[in-house]
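Dear colleague,

Please find below the structure that I am handing over to you. My notes on the contact between its domains follow.

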Amino acid sequence: MELSITTKLSDHMTPKPAADADLGFGQIFTDHMFTMDYNEKSGWHSPQIVPYMPIDLDPSTISLHYGQAIFDGLKAYRAPDGSINLFRPKLHLERINISNERMVIPPIDPDFCLQCLKELLRIEQDWVPDRPGCSLYIRPFIVAMDPCLIVKPSGTYRFYIILTPCGSYYPQGMNPVSIFVETEYVRAVRGGSGQAKTPSNYAASLIAQKRAMAAGCVQVLWLDGVHRRYIEEIGSMNTFFVIDGKLITPELNGSILSGITRRSVIELARDMGYTCEERQIAIDELCALAKQGHVSEMFGSGTAAVISPVGELHYETERIVFNQGKTGKLTQLFYDTITGIQYGLIPDQYNWTEKI
Ligand code: COI
């Protein structure tokens, strides 16, 4: 397939943010985007880079009604020599196909899409921030396009990649946050769509997010949907605990997202000689261990949030404080190592980064 490129800038072009602007997360979009179409006759076809612009949709577009859609998220980082690193991009593009399979969307070709992404990034390279803690967040997504109100898999799809220069996901930055343990609502059950990155998982989480915020917390910690006991993940990221010097993270059980930062933490920890167990951990077990002084750290891991320290858990009437509410030693170590590799500040002995 031939990639077509139209770089004429549209009326919707956004001025680049000032060098010292607070970028926040997902607020500003670059000048161009990638699109590719699917239909049953031609498969994925017509890949193109075009000016960023609003999408014209038929009001009956099936994804608007029944949510047949997926997304992913990865980042491009500016290295000290000015070059641009992508972090484990192939894993992200392959994960799109895991989400696609669950949502009955035809698979993409990860190698071809990576070439197209690199081309888009070459065009938009000036948008990659060069400030510490900032990066260019890449949002690939696929929407079902059939204009039809029958509940069925669409016959047509559109794949987009849009780009947004960003700072930290939480306004608190790397400061430890408070997390609310949700006991009423659940995010996912085995056999559901919990391991897919699909919009409805996030829409269904908003009510719990609202409850968390009312309790003075920034995010939710989800428990499993059957026993309401086993820890699954934090609102938009995976989670880790340091218990008696060992790293513990909930095992991938079919309802948890298989995070690429999660995988990187596990691989790094094991390579550094730490024990890392992927296992079930119940909230009551965690509380008991914390009361006995065994739990020294908790953190979240995700592309948007990278490594995010948790200072305190609110679980019903209990308050579990980790490391006196300060960032723990291992949390800082994983943050420094992963961001060091991403920004090209330390050697990438794992070949996790790719230049564009
Ligand atoms: C990411 O970390 O890339 C995510 O997709 C989480 C998102 C909800 C911001």
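Between domain 1 and domain 2 there are 13 residue pairs in polar contact, with both residues at pLDDT 80 or more; such a contact is a pair of N or O atoms within 3.5 Å, and within protein one must be able to donate a hydrogen and the other to accept it, while residues adjacent in sequence count only if both atoms are side-chain atoms. This is a predicted model, in which local features need pLDDT of at least 70 and side-chain atom pairs count only at pLDDT 80 or more, whereas totals for chains, interfaces and linings use all residues. Residues are numbered from 1 along each chain as its sequence is written, and side-chain values use heavy atoms, with hydrogens and water left out.

The domain assignment, which is automatic or from a database, places domain 1 at 6-166 and domain 2 at 177-342. Their centres, taken over C-alpha atoms, lie 27 Å apart. In domain 1, 20 residues are in contact with 21 residues of domain 2, contact meaning heavy atoms within 4.5 Å.

About 1900 Å² is buried between the two domains, and carbon and sulfur atoms give 59% of this area. Buried area is the accessible area (1.4 Å probe) that two parts lose on being put together, summed over both. On the side of domain 1, Phe71, Phe87 and Arg95 lose the most area to domain 2, together 32% of what that side buries.

The rule finds one salt bridge across this interface, that is, a side-chain nitrogen of Lys or Arg within 4 Å of a carboxyl oxygen of Asp or Glu.

Yours sincerely
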